[in-house]
Amino acid sequence: MMKSRLFSLIILLSIITFFTGCTAKKEQGITMSVSILPQKQWLDILTGKQVHVNCLLPPGSNPATYSPTPKQMKEMNQSVYYFYIDQLGFENVWLPKFKDLNETTMFINTTAGIVRLEGHHHKGSVEEHEESDPHLWVSPKEAKKMVEIMYAMLGYSKLFNQSTLDSNYVILQNDLNKLDSLFKDAALNAQQKTFVIYHPALAYIAHDYGFEQISIEKEGKEPTAAYIKQLIDEVKSKKIKYIFIQKQFDKSNAQVIAEESGAELIEIDPLGYDYMAESEKLANYLKNL
Ligand SMILES: [Zn+2]
């Protein structure tokens, strides 16, 4: 009798432990934070979606003026890492606050050591002056360096099977190398190298692959009527084909220039989740300039 009771108790205890073990594991699932959706795609590929990714900037919002929600603040607190871009609009305001509030999260600058282009402007950002350009990720050449830092830190965490991580990294590097070739190819094939864009988010593409970016926004401000007139003339005389717009910004000035000059208005999304598809689409447009 005694023996069978003891036996049942052991069984019961092991069942309880088994279940609490499961829930604890589920609740303690790995969370990591990133600033923008392209980083989420990279992290999903690297970890085989084993990580819950807290992406701060939601689709369509402006990085210069964005504030995180209480849920995002909570998930930041649960994060092993926060992979940030460095000096990307809201990060200037929020990164010091995150650092103050989180003792266990490690803050990883994914653009550390990359030489930046200067003279970028963001309208509505807290410090509205000339700054170094944070849009590094748009260029696969720079993205490869950012991804290398993420991969190294994931390995350092010892939370993943290293050989799976290694092979996922190879897959991601191959994807980025493919994009890199597409942009090189685009630069070789394009009849002319100039494009117009509302907010100058593609400076690293222009710099890395040999294109000329003309921005409608002037030093982070709405263009004047005289500048719009000048742009229309330039688009006509250089036979510029495309005017790129991003959903975060007002389209009206770009629309006027497109209508008056005959150029085509193209919406791009450098902050969208599907970095691979977005970059491929962009490379195809640049190829046909
Ligand atoms: Zn910008």
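**View A. E278 is partly exposed, at 23% relative accessibility.** The model shown is predicted. An α-helix has 3.6 residues a turn, so residues three or four places apart point the same way.

**View B. A salt bridge joins D185 to K287.** The closest N and O atoms lie 3.5 Å apart. D185 is part of helix α6, residues 162–189, and K287 is part of helix α10, residues 275–287. The pair therefore ties together parts that are 102 residues apart in sequence. D185 is partly exposed, with 29% relative accessibility. K287 is partly exposed too, with 33%. Side chains of opposite charge can pair when their charged atoms come close. In total, the structure contains 11 salt bridges.

**View C. K238 and E212 meet through their side chains in a salt bridge.** The N to O distance is 3.3 Å. This pair links distant parts of the chain, 26 residues apart. K238 is in the loop between α8 (225–237) and β7 (242–246). E212 is in strand β6, residues 212–215. Which residues make up the network of salt bridges here? The network links E212, E234 and K238. K238 is partly exposed, at 33% relative accessible area. E212 is likewise partly exposed, at 34%.

**View D. Helix α9 has five named buried residues: N253, A254, I257, A258 and S261.** The helix covers residues 252–261. How are its buried residues arranged around the axis? Seen down the axis of α9, they fall within an arc of 135°, so they line one face of the helix. Among the elements that cover these buried residues are α8, β7 and β8 (264–268). G262 follows α9. The phi of G262 is positive, near 85°.

**View E. The largest pocket holds about 240 Å³ of space.** It is lined by 16 residues. Which of them are closest to its centre? They are G119, H120, P200, Q213 and S215. Strand β6 gives the most to the lining, with three residues. By class, the lining divides into five nonpolar, six polar and five charged residues. Rolling a probe the size of a water molecule over the atoms shows where empty space is left.

View F. The protein has 289 residues, and 51% of them are buried. Among contacts with a separation of 6 or more, 65% come from residues 24 or more positions apart. The one between K238 and E212 joins parts 26 residues apart.

Key
Residues are numbered from 1 along each chain as its sequence is written. This is a predicted model: local features need pLDDT of at least 70, side-chain atom pairs count only at pLDDT 80 or more; totals for chains, interfaces and linings use all residues. Side-chain values use heavy atoms; hydrogens and water are left out. A salt bridge is a side-chain nitrogen of Lys or Arg within 4 Å of a carboxyl oxygen of Asp or Glu. Helices (H or I, at least four residues) and strands (E, at least two) are DSSP runs, numbered from the N terminus. Buried means under 20% relative accessible area, exposed over 50%, partly exposed in between (1.4 Å probe, protein chains only). The arc is that of the directions from the helix axis to the C-beta atoms. Contact means heavy atoms within 4.5 Å. On a 1 Å grid over the protein atoms alone, a cavity is a set of points where a 1.4 Å probe fits but cannot get out, and a pocket is an open set with protein on both sides within 12 Å along at least five of seven lines; lining residues have an atom within 4 Å of a point. Grid points are joined across faces, edges and corners, and a volume is the space filled by probe spheres set on the points. Ala, Val, Leu, Ile, Met, Phe, Trp, Tyr, Cys and Pro count as nonpolar, Asp, Glu, Lys and Arg as charged, and the others, Gly among them, as polar.
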